[in-house]
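Work through these exercises with the model open beside you. Try each task before reading its solution.

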Amino acid sequence: MAVLSASLAACGGEPASKPSPTAATKPPAKVKLVFGVSGHKALVDTYKQLAAEYTQQVPNVTVEVKSWPTADQLTAAITGGEKVDVVLTPRADVVKFAEDKNIQPVDTLLEARNVDFGDKYSREAMEDFSVDRRLECMPYSVSPQVVYVNTGLIDFEAMKEEGLPTPSVRADGSLRNWNLEQFGAAMTHATEQRKGLRGTYVEPNLTALMPWLAGAGATLFDDPLEPTTTALGESSSAYEDLVEVFSQPNVLATSKELHGRTPFQAFKQGRLVALAGDRSLVSELRATDGMQWDVMPMPGGNGTTGDYAGLCMGAEATDADTAADFLTYLISTESVVKMVRTGHFVPVNSEVGYAPVFTQPQRNPRNARIFTDTVRDMQVLPEVTQLAQLQKVAAAPVRGSLTVSEPDQVEDYATQIDELSKTVFPQPTPTGSPTPTTSPSS
């Protein structure tokens, strides 16, 4: 873990001073930059705040923030020719953007501005945003899946007294970790105490199942960066273990048992004990009166799924130096702290991720470090189009795997998913094929 800077350690994680732009060169007389973003309104509003503050500090530069509701729509706009100087980009789009020359590498520009690529950023994050050994974009945010738990519905002390497998709890009452057996025991015990209560809800599709599989110890893809197939057949034992837990009475709710509620509504109303989700659920749960809740890793503690977003520079930036100055400003610790305060943002910058401004030890979730800790073992999903195709082709075997009479039947379904996934991903060119020959003419 990175050592916290004095600016973060002081004042409970608050920055000691306002961020200031770091310019390697003096900008031209007047420059207008376009910053392309997507996401929740709270995030977009904070991007606009940062842009306005930057303009105040560098009066000859104005920054227009253009926003799209989703990352998919932003990607489509960039692919369609939208001109931006700095753009928030999902990791899965980086290779395509680089190949299509929508973006330009940022490594030398940021090195010239003394950006620290060291302990603040994981090696995995830096590699995920690199193409042909060039850093195309700067890792910015991450969205690991965790399990939200209504702790008011689970009596861990009673479980312990009954000799049940019990998740470990810290002295301050916050949760630590759990294996699949402990998760199943907690869901079963809680639902036995209250009529109509169910453990959790998992949409019966591959995307929803993947974080649970990763937590159970499954390797999802043969290659994390350029998959050619899923690898669930090789991880069928983990898949079987997960299905065995899900098949226990009342652990997994059906869509009918939600009674028209969304899974999140059912969780907030105390109808579900647990629910997988990312950081974006925190602000609404904090506004839910009387609810006791925390976050836990995916059961098994072996990992999760999620994705990164990075800040990239447009290939046709109005002024590359000025755009690089603004990007440097955005990734500064002080600017990232302001993004963290939205409650929807998990920073890649570990200096901020482990600071009190993010963990907020006096507020729920008490176990907020999980958002940062789980990134180390996070399996990154493929780009959205591939994921949608994969979900479609694997629909039948996924449903079948969740309704088996015996867990050892899961292996056949896992193998089916692997075979079907080959129709989604590019396949390697066979090597060592014999060169065609022709018969000598007579």
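**Exercise 1.** In which loop is the place of Pro365?

Solution. Pro365 sits in the loop between α16 (356–359) and α17 (369–373). Helices here are DSSP runs of H or I with at least four residues, strands are runs of E with at least two, and both are numbered from the N terminus. Asn364 and Pro365 are joined by a cis peptide bond, with omega about 0°.

A note on the source: this is a predicted model, in which local features need pLDDT of at least 70, side-chain atom pairs count only at pLDDT 80 or more, and totals for chains, interfaces and linings use all residues. Residues are numbered from 1 along each chain as its sequence is written, and side-chain values use heavy atoms, with hydrogens and water left out.

**Exercise 2.** Find which residues of helix α18 are buried, and what they pack against.

Solution. Start with the cut-offs: buried means under 20% relative accessible area, exposed over 50%, and partly exposed in between (1.4 Å probe, protein chains only). In α18 (residues 384–393), the buried residues include Gln386, Leu387 and Leu390. They cover an arc of only 100° around the axis, so they lie on the same side of α18. The arc is that of the directions from the helix axis to the C-beta atoms. The general rule: an α-helix has 3.6 residues a turn, so residues three or four places apart point the same way. Now find the partners. The buried residues of α18 pack against α9 (206–216) and α20 (410–421). Contact means heavy atoms within 4.5 Å.

**Exercise 3.** Examine Asp132 and Arg133: are they buried or exposed?

Solution. Locate Asp132 first. It lies in the loop between β5 (130–131) and β6 (134–135). Arg133 is in the loop between β5 and β6 too. Then check the backbone. Asp132 is not a glycine, yet its phi is positive, about 50°. Arg133, also a residue other than glycine, has a positive phi near 65°. Last, accessibility. Asp132 has 72% relative accessibility and counts as exposed. Arg133 is exposed as well, with a relative accessible area of 84%.

**Exercise 4.** Describe the protein as a whole.

Solution. Count the elements: 20 helices and 13 strands. Then take the burial: of the 442 residues, 52% count as buried. Finish with the contacts. Among those with a separation of 6 or more, 76% come from residues 24 or more positions apart.
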